[in-house]
Amino acid sequence: MALTREQMAQRVAQELKDGFYVNLGIGIPTLVANYVPEGIDVMLHSENGLLGMGRFPTEEEVDPDMINAGKQTVTARPGAAIFDSAESFAMIRGGHVDLTVLGAFEVDQEGNIASWMIPGKLIKGMGGAMDLVAGAENIICTMTHASKHGESKLLEKCTLPLTGAGCINRVLTDLAYLEIENGAFVLKERAPGVSVEEIVEKTAGKLIVPDHVPEMTFDA
């Protein structure tokens, strides 16, 4: 079975380390805020000017003025700080974000990412993604492994306009967790119940498959 959006967020949350400053992109990455492991203290950063983002609010807690970069209402944890977007991007460009989690349309075997534009379709702009992929060394890209038409999103070479070049080294899809090394995707884990054969079939880029590929595990 392919991972749900919530399971993808849970798997990303396993990569959080105590003391990290983490930027969460729009979409699946924002869900990571709900799965920060017990005993881990991280400060979640939103590029629109919030450091110390908390979990999503309950109906009673909703404050329309407290939003993330995707215009979703959020909460602020104790110790949070609010500032303007110029200062927020200074943090990003200055390399002060320990981990960036963002979505993509395509990633290729050289670590290139295309995440902001599909020609001929209405777009809002590239947002902060270009700064994030340029300013962070530790990036996890979350995406579906293939399009709804069954076409692979893990490619030999990106076909869409690039957001960043040679900047992605880890990809989590609904089927697998992969790392990019020496011009190839390396299969590290597979979603529970998903076969290696299905992952191979749906990966257009060069894929290295170790002898043993464990299934992902999640806390009950």
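By class, four nonpolar, three polar and one charged residues make up the lining of the largest cavity. Here Ala, Val, Leu, Ile, Met, Phe, Trp, Tyr, Cys and Pro count as nonpolar, Asp, Glu, Lys and Arg as charged, and the others, Gly among them, as polar. You are looking at a predicted model, in which local features need pLDDT of at least 70 and side-chain atom pairs count only at pLDDT 80 or more, while totals for chains, interfaces and linings use all residues. Residues are numbered from 1 along each chain as its sequence is written, and side-chain values use heavy atoms, leaving out hydrogens and water.

To find this cavity, look for T30, A33, M53, G54, R55, F56, N68 and V74, which line it. Its volume is about 30 Å³, and the structure holds one cavity of 30 Å³ or more. On a 1 Å grid over the protein atoms alone, a cavity is a set of points where a 1.4 Å probe fits but cannot get out, whereas a pocket is an open set with protein on both sides within 12 Å along at least five of seven lines; lining residues have an atom within 4 Å of a point. Points are joined across faces, edges and corners, and a volume is the space filled by probe spheres set on them.

Next, visit the second largest pocket, with about 380 Å³ of space. Its lining has 13 residues, with F105, I118, S147, H149 and K153 nearest its centre. By class, that lining divides into four nonpolar, four polar and five charged.

Finally, N182 has a positive phi of about 50° although it is not a glycine.
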